[in-house]
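Please open the model in your viewer and keep the selection panel at hand. The tour below goes from one selection to the next and says what is found at each stop.

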Amino acid sequence: MEMLLDAISWLLILVGSVFLVVGGIGVVRLPDMFARMHGAGIIDTLGAGAVLIGLIFQAGLNIVSVKLVLIVVFILFTSPTTTHALARAALNGGVRPRVEAPPEDAPTGGGGESSKT
Amino acid sequence: MMFSVAAIAVLVTMVLTIYRAIKGPTVYDRILAVNAFGTLTVVLIAVYGFLSGRPEFLDLALVYALINFIGTIAVSKYVEFSHMGRPSGGDELGDI
């Protein structure tokens, strides 16, 4: 049983670490502010959630796991709220989502160029 | 062992989000990156508590999650309206 719990927690921590790094690469590499929100969402929900749930399996049933459950629930509630408020503020502040150019304008389909609006 | 892997992944992601927070073209990019950095700090505090064998740091992580949420909402509201006192009346988008 201990081996099973350790295996589950290690698997979750590894998957969470991978998704943390993937979300960080997305925050750096994605071309638009509204696209970078996807990377931040991966960091908030899947990365942090998987790592903290893995730590719950490592802790067992005591006050530590209760605190970890509280942290996970709070992050899962506040991350969509923060992203929604930030997207509303950016849209109200004049940032427009990057719209893909028509195919006849960009036949190569490269992502380097950015349209105006 | 696994805690060290998770801590290194969190630190690498912290470097990436700090890069975006410094380089970001608009102020909303910086807010987004700082919000992600706060979440990563919560994870790092929790992982470090298990790494050092004394998981009593989770109170700090919980408080940091609360402060991160309130701070991000306050900064985005301040950037949008340039004040935090009265709500925005008459705007079509309303209050955030």
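How many residues of chain B are in contact with chain A? Select both chains and you will find 42 residues of chain B in contact with 42 residues of chain A, where contact means heavy atoms within 4.5 Å.

Before going further, note that this is a predicted model, in which local features need pLDDT of at least 70 and side-chain atom pairs count only at pLDDT 80 or more, whereas totals for chains, interfaces and linings use all residues. Residues are numbered from 1 along each chain as its sequence is written, chains are lettered from A and ligands numbered from 1 in the order in which they are written, and side-chain values use heavy atoms, with hydrogens and water left out.

**The interface**

Between them, chain B and chain A bury about 3,800 Å², 80% of it on carbon and sulfur atoms; buried area is the accessible area (1.4 Å probe) that two parts lose on being put together, summed over both. Two salt bridges are found across this interface, a salt bridge being a side-chain nitrogen of Lys or Arg within 4 Å of a carboxyl oxygen of Asp or Glu. Select Asp59(B) and Lys67(A) to see a salt bridge whose closest N and O atoms are 3.1 Å apart.

H2(B) gives the most, with 13 residues. By class, that side of chain B holds 30 nonpolar, seven polar and five charged residues, where Ala, Val, Leu, Ile, Met, Phe, Trp, Tyr, Cys and Pro count as nonpolar, Asp, Glu, Lys and Arg as charged, and the others, Gly among them, as polar.

**The largest cavity**

Now select Asp44(A), Ile75(A), Thr78(A), Asn35(B), Thr39(B) and Phe69(B), which are among the residues that line the largest cavity, a space of about 100 Å³. Helix H3 (63-92) of chain A, together with H2 and H3 of chain B, each supply at least two residues of this lining, which divides into four nonpolar, seven polar and one charged.

**The second largest cavity**

Finally, which residues line the second largest cavity? Select Asp44(A), Thr45(A), Ala48(A), Gly49(A), Leu52(A), Val72(A), Ile75(A) and Leu76(A). H2(A) provides the largest share of that lining, five residues.

Terms used:
Helix = DSSP H or I, 4+ residues; strand = E, 2+ residues; numbered from the N terminus. 1 Å grid on protein atoms, 1.4 Å probe; cavity = no way out; pocket = protein on both sides within 12 Å on 5 of 7 lines; lining within 4 Å. Points joined across faces, edges and corners; volume = space filled by probe spheres on them.
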